[in-house]
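Visitor: Could you walk me through this structure? I am new to it and would like to take it piece by piece.

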Amino acid sequence: MNDGAFDSLTKTFVELADTLVDDFDQVGFIRLVAARCVEQLAVPAAGLLLVDHAGALHTAGVSRDGSDVRGLMAAQQRRSPSLECHRTGERLTVRDLPASLGRWPRFASAALAHGFSSVDVLPLRRRDQGIGALTLFGTGQGQPDGETIRIATALSDVVTISLLQRRAVHRQATIGRQLQRALDSRVLIEQAKGILTERFGIDMDVAFTALRGYCRRNNRRLTEVAAEIVRDLDAADELGPSRNPFERRIRPRTD
């Protein structure tokens, strides 16, 4: 690799890393990766498929907006080199697509119709976690040299690590929000129990049993009723003693 090619590749990795910010745009990132694959690997087109929560592959981005490459990527969602690569976790090289018509009839036919005669597919995988595949389309039958393979592997690794990291951050943030909501709900419920305990001279367990029983009978959420009690502190003084002391005050919604 000459100095110019090395500098260009370095700028590509810096550019990709620079997109991994707080306002990360996955669609833009994937498109950028596909475009840089074309530039750095001297292939006519590239595309990426990502797996969804159900395990199905979907087109995430292509190197150009034309319907030809996008259509080819859509054709790979079933019985294709990319699907096979994703499942096995191994790089797959197809140098002669005409000879693969029997193996992948729909994809091979579509690729040949658009002037592509070969594909190289690299798994987007980190250890045992696969998230998709990177497909490089070609027009020749020659084998890619070792340097091209190393660059392609490095680009696919960058994509995999970046997306897995963003997913981990998002998952952690989601868990954090869920924990905070759970803590907030617990605080509300404890406050409501304290109010009932003070107003009616009952212990905390009895207060919670009454509160929960009311919610079950009226099909209402525990935190919703607890919030109403906390918001209306004076209302408890108006409640007469009963088996369920706040039963008469808090009614089921009619809207």
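**A walk through the model**

Guide: Strand β1 has 7 of its 7 residues buried, so β1 is largely enclosed by the rest of the structure; buried means under 20% relative accessible area, exposed over 50% and partly exposed in between, with a 1.4 Å probe and protein chains only. This is a predicted model, in which local features need pLDDT of at least 70 and side-chain atom pairs count only at pLDDT 80 or more, while totals for chains, interfaces and linings use all residues. Residues are numbered from 1 along each chain as its sequence is written, and side-chain values use heavy atoms, with hydrogens and water left out.

Visitor: Which way do the residues of β1 point?

Guide: Ala45, Gly47, Leu49 and Val51 point one way, whereas Ala46, Leu48 and Leu50 point the other way, and all are buried. In a regular strand the side chains alternate between the two faces of the sheet.

Visitor: And how many helices and strands are there in the chain?

Guide: The chain has 8 helices and 5 strands, where helices (H or I, at least four residues) and strands (E, at least two) are DSSP runs numbered from the N terminus.

Visitor: In what order do the strands sit in the sheet?

Guide: The 5 strands form an open sheet in the order β2-β1-β5-β4-β3, with antiparallel pairing; two strands pair if DSSP finds at least two bridges between them. β2 (57–62) and β3 (92–94) stand at the edges with a single partner strand each, so one side of each has no neighbour in the sheet.

Visitor: What joins β1 to β5, and what joins β1 to β2?

Guide: β1 is joined to β5 by 6 bridges and to β2 by 5 bridges, and β1 and β2 run antiparallel. Glycine 47 has threonine 135 as its bridge partner in β5 and stands opposite valine 62 in β2.

Visitor: What about the other end, where β3 pairs with β4?

Guide: β3 and β4 (residues 118–126) pair in the antiparallel sense over 3 bridges, and there valine 94 has valine 119 of β4 as its bridge partner. Helix α4 (residues 81–88) packs on the sheet and touches β1 (45–51), β2, β3, β4 and β5 (129–138), contact meaning heavy atoms within 4.5 Å.

Visitor: Changing topic, how do α7 and α8 pack?

Guide: Helix α7 (residues 204–218) and helix α8 (residues 222–231) pack at an angle of about 120 degrees, with their axes 9 Å apart. That makes α7 oblique to α8, since angles under 35 degrees count as roughly parallel, over 145 as roughly antiparallel, 65 to 115 as roughly perpendicular and the rest as oblique. Axes are lines fitted to C-alpha atoms, for helices over the stretch in contact, and angles run from 0 to 180 degrees between N-to-C directions.

Visitor: Which residues make that contact?

Guide: From α7 come Phe208, Leu211, Arg212, Tyr214 and Cys215, and from α8 come Leu222, Val225 and Ile229.

Visitor: Last one: where is alanine 42, and is alanine 42 buried or exposed?

Guide: Alanine 42 lies in the loop between α2 (26–41) and β1, and at 70% relative accessibility alanine 42 counts as exposed. Alanine 42 has a positive phi of about 55 degrees although it is not a glycine. Most residues other than glycine have a negative phi. Arginine 127, in the loop between β4 and β5, also has a positive phi, near 55 degrees.
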